[in-house]
2 protein chains.
Amino acid sequence: MRPTLIAVLFVVFSVSTSEAQDAAMAAADTYRQAHEQQILEEVFDFLALPNNAADRDDILVNAEHIVALLEARGAEARILEAGDSLPAVYGEILTPGATRTVMFYAHYDGQPALPENWTYPPFEPVMLSGRIDAGGEPVDWQGNDTVDPDWRIYARSASDDKSPIVALLTAIDALRAANIPLGVNIKFFFEGEEEAGSPNMHTMLEAHRGLLTADFWVLADGPVDPRGDPRIVLGVRGVTSMQLTVHGASRDLHSGHYGNVAPNPGARLAHLIASMRAPDGRVLINGFYDGVPAPSDAALALTESGAYDEDGLVSEPGIAGVEWGPGASYGEAVMVPALNVLGLSSGGVGDATRNAIPASATAAIGFRMVPGQTIPRIREQVTAHVESQGYLILDRPPTADERLAHPRIAEIHWSTSGYPAAVTQAEHPDVIRLTDLVASTSDRPVRVVPILGGSLPLAPIVDVLDVPFAIVPMVNPDNAQHAPDENLRVGHLWDGIRLYAVLMADDWED
Amino acid sequence: MRPTLIAVLFVVFSVSTSEAQDAAMAAADTYRQAHEQQILEEVFDFLALPNNAADRDDILVNAEHIVALLEARGAEARILEAGDSLPAVYGEILTPGATRTVMFYAHYDGQPALPENWTYPPFEPVMLSGRIDAGGEPVDWQGNDTVDPDWRIYARSASDDKSPIVALLTAIDALRAANIPLGVNIKFFFEGEEEAGSPNMHTMLEAHRGLLTADFWVLADGPVDPRGDPRIVLGVRGVTSMQLTVHGASRDLHSGHYGNVAPNPGARLAHLIASMRAPDGRVLINGFYDGVPAPSDAALALTESGAYDEDGLVSEPGIAGVEWGPGASYGEAVMVPALNVLGLSSGGVGDATRNAIPASATAAIGFRMVPGQTIPRIREQVTAHVESQGYLILDRPPTADERLAHPRIAEIHWSTSGYPAAVTQAEHPDVIRLTDLVASTSDRPVRVVPILGGSLPLAPIVDVLDVPFAIVPMVNPDNAQHAPDENLRVGHLWDGIRLYAVLMADDWED
């Protein structure tokens with residue numbers, strides 16, 4: 001129950017609430033021990049409902065199931081839609097005397113699951129004695145007096161992201177059973193199209209702004225730290241991408257008769273890429289870092305205190321050192337925007353090599369953005385950069401006349417998907433409070449991640465609602481999310497009930 | 001019969017032999033007119049013999065057929081082999097009083113031919129009234145008194161390269177019929193594996209140096225100038241290639257979680273390519289141009305006088321201007337060595353784009369060399385250059401330990417094929433003489449090409465025998481060599497007989 005290093009840094013801001021937290025945890029543990037079979041039944045029933053976001057009927061069954069679960073807790077619950085979105089489930093429990101409101105987010109849709117790739121059918125949840133690849137076998141959990149926390153539930157969405165919904169609702173049950181009042185007004189927003197990229201999140205938050213606003217959003221999604229420690233994630237990078245094609249002659253040409261004569265699209269593309277990105281990852285495009293604030297002291301302090309599993313992340317995939325340099329940590333590297341060459345294609349290599357100068361060369365280039373950057377501005381900057389290298393820019397192949405009139409022609413197509421970054425400041429008082437609360441639930445250090453290198457479409461929480469948020473996960477890191485044989489370690493479900501009970505019992509007042 | 005521009009430049013060196021040349025041409029024309037059926041029968045019989053170099057038995061049938069053709073002209077003829085080469089045919093006719101010896105080269109093997117892609121079977125030669133794509137239909141050439149020079153013979157190797165063999169032998173027949181003595185000792189070397197890349201040319205010339213040496217080699221191969229003018233080609237660029245792979249992490253990594261963290265192989269490869277080749281084609285590798293002489297005044301003069309069809313070569317494939325610059329002509333661009341990016345491959349582009357940093361990126365890079373460059377030295381220079389960019393160079397993928405110990409790792413594989421350049425100096429007195437002789441056979445300008453951009457394995461003629469050479473072609477440019485429906489325009493065969501008769505009647509003395 002010791003506070004993390006970072007929590008120590010900010011201990012002057014935090015209110016000592018250890019007694020209340022201990023009571024909430026005790027309530028969670030007591031209730032859970034007395035109702036393990038019932039809790040697991042709720043999990044199993046929920047996991048038996050197929051939930052591919054591509055099937056609206058299945059999604060609706062899930063949504064109605066959740067409405068019933070919420071109503072069983074006396075929550076006011078309803079289905080929300082916006083535009084052509086799939087149904088989301090909204091619920092709220094007002095707390096007399098509470099001054100603050102916390103939104104708990106999770107999603108109930110799951111990645112597609114091909115049964116032939118699974119050991120057990122993805123929508124027939126099964127309890128195993130351990131990981132399948134460690135010899136786990138089915139166990140009769142309903143006929144057993146005690147449930148081993150190392151048992152695992154195998155099913156699609158066991159971890160991503162149905163079990164957090166059950167943990168949240170069970171936390172309410174547990175507090176009520178112990179007569180511990182909720183410390184805040186609680187809202188729930190359970191999304192049904194997260195795995196489809198949350199295409200309507202912006203519209204949804206705009207359409208139901210009054211219901212969906214809160215003082216803080218807690219996102220119950222994703223796994224805890226890979227080292228097994230509790231984790232709080234304060235942000236995600238944004239993402240966009242482009243296809244950049246350099247055109248040469250109108251057809252492939254003999255590399256002897258045309259070497260030094262025809263433009264070489266592969267070499268030109270290489271020069272373009274080299275002009276955009278230094279060997280250490282620094283982006284050389286004019287204005288790229290404009291409006292991008294330097295990482296805050298608080299964020300850097302989190303990084304230095306072990307927010308990221310530096311050693312595991314770097315050495316495991318055979319990397320001699322972090323590219324961003326010199327001497328940067330993993331954390332420093334993902335706190336800045338990135339330009340990634342995702343693909344290159346021109347002519348043929350290996351056995352497909354021909355003595356020909358290809359007519360064109362294409363790069364797929366991805367951008368990971370941080371707050372302060374927008375997709376429209378990235379597009380403008382890239383366009384201006386490529387033009388500054390002497391290129392005519394088209395959004396289609398050049399005509400014969402254009403080829404003869406312009407020595408350098410590039411074709412650019414931007415991805416229609418993508419979204420900006422979303423970050424809550426590490427110094428935010430609610431983050432300090434949240435860190436303290438999470439720290440109270442574990443004797444392991446809380447890993448507070450200032451920003452994930454990856455991307456999630458969380459920007460509307462900030463851009464539409466202007467609400468701070470944090471991802472506060474509960475599930476095991478080895479849960480195989482998005483893959484066959486997704487699973488949940490039962491002990492992580494128990495810990496999740498305790499974690500969310502603590503967050504709900506607190507008054508979140510500074 | 002006017003001399004070319006270039007011949008004019010060197011007219012002081014050339015001996016006026018126009019009377020002798022007129023006599024040789026008249027002999028060729030007279031003989032041909034009287035023996036058109038017989039000449040064409042010889043062509044048709046020869047083309048009916050399948051000649052894919054992959055079939056040794058078929059090749060041997062061809063070789064023995066040629067030996068018989070040579071012996072019918074009283075030439076001493078024999079089959080030559082060297083190492084595991086396919087048979088080559090050697091023949092010689094000594095000329096009393098001649099001081100010089102000219103070797104006439106051609107090859108009798110052909111590219112593979114898939115009958116299903118041909119309009120008529122490739123080894124059942126047929127005479128058509130014109131080009132197939134212009135409505136040419138079979139004609140009864142054997143039952144016709146006159147043969148139209150625009151008729152075309154369709155068969156594999158009609159142009160590449162059996163008809164020049166018949167033209168050479170017919171030229172001898174014609175001179176004899178007119179009692180015009182040969183002016184030189186004549187040797188013939190008819191190769192049987194040119195389309196397989198002449199893999200044993202070096203060994204062959206070393207093994208039979210005494211037979212195969214001469215004062216000059218005339219290569220009867222390839223088409224005349226695309227503008228329809230007579231052509232003399234004085235050299236070819238050499239060729240070699242490499243596969244260059246930059247390794248990153250041991251597997252593809254999430255572009256969000258690893259953007260700026262994992263090395264980006266595509267971006268690194270771009271920097272490597274950009275470090276090797278300037279945007280105008282100039283090679284930046286240390287020492288690359290060492291030992292490469294500047295183009296001679298004579299070669300530049302040939303280029304300026306229209307050696308290459310500048311307009312057609314550049315504008316036809318949609319090129320706004322020659323890459324080598326500034327203001328370089330096509331000829332200047334191919335007279336210098338070239339580094340060509342033939343292929344790029346990394347991850348995926350377009351629909352295959354994934355949000356992943358690929359584990360590696362590969363470029364196929366080709367080099368076109370000029371005299372003064374060797375493949376071993378190119379390899380050394382490239383290796384030193386890549387090392388100078390901080391790379392460990394391997395000829396296999398790195399081990400796990402190597403990945404962690406070396407931040408930059410490149411894997412290089414060199415092509416096992418390839419050969420150096422071969423060029424005869426434009427100022428060589430025999431070239432002046434030859435140009436004059438060829439010019440005397442046509443009222444069109446002779447296009448003397450100092451060097452072809454493409455490559456042929458001719459280096460052994462220079463490196464082993466130290467003999468000057470020139471390619472002196474006769475066939476039509478639209479012959480579809482290497483492709484289905486290869487053909488020969490009959491008028492070009494008639495011109496070829498005249499051309500080679502002139503070369504044989506001359507004494508080649510300065």
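Angles of 65 to 115 degrees between two elements count as roughly perpendicular.

Helix α2 of chain B covers residues 18-34. Helix α5 of chain B covers residues 158-177. The two pack at an angle of about 105°, and their axes lie 8 Å apart. α2(B) and α5(B) are therefore roughly perpendicular to each other. From α2(B), the residues that take part are Ala24(B), Ala27(B), Ala28(B), Tyr31(B) and Arg32(B). They meet Ala171(B), Asp173(B), Ala174(B), Leu175(B) and Ala177(B) of α5(B). Sorted by class, this contact has eight nonpolar residues, two charged ones and no polar ones.

Next comes a sheet in chain B. Three strands form it, in the order β4-β5-β20. The sheet is open, and its pairing is antiparallel. Strands of a sheet pair through backbone hydrogen bonds. At the edges stand β4 (126-128) and β20 (487-489) of chain B. Each has a single partner strand, so one side of each is left without a neighbour in the sheet. From one strand to the next, the twist averages 25°.

Look at one pairing within this sheet. β4(B) joins strand β5 of chain B, residues 152-154, through three bridges in the antiparallel sense. Here Val126(B) stands opposite Tyr154(B) in β5(B). A helix packs on the sheet as well: α16 of chain B, residues 490-505. Helix α16 of chain B touches β5 and β20 of chain B. The direction of α16 makes about 65° with that of β20(B).

Now turn to where the chains meet. Chain A gives 76 residues to the contact, and chain B gives 76 residues. On the side of chain A that touches chain B, the largest share comes from strand β12 of chain A, residues 338-347, with nine residues. That side of chain A divides into 37 nonpolar, 31 polar and eight charged residues.

How far does the predictor trust its model? The scores are ipTM 0.91 and pTM 0.90. Chain A has a mean pLDDT of 94, and 97% of its residues reach 70 or more. One stretch of chain A calls for care. Over residues 1-16 of chain A, pLDDT stays under 50. The model has 31 contacts beyond four places in sequence for this stretch. Where pLDDT is low, the predicted coordinates should not be read in detail.

Technical notes
Residues numbered from 1 in each chain as written. Chains lettered and ligands numbered in written order. Predicted model: local features only at pLDDT ≥ 70, side-chain atom pairs only at ≥ 80, totals over all residues. pLDDT = per-residue confidence, 0-100. Contact = placed C-beta atoms within 7 Å. Axes fitted to C-alpha atoms, helices over the stretch in contact; angles between N-to-C directions. Helix = DSSP H or I, 4+ residues; strand = E, 2+ residues; numbered from the N terminus. Parallel < 35°, antiparallel > 145°, perpendicular 65-115°, else oblique. Nonpolar A, V, L, I, M, F, W, Y, C, P; charged D, E, K, R; others polar. Pairing = 2+ DSSP bridges.
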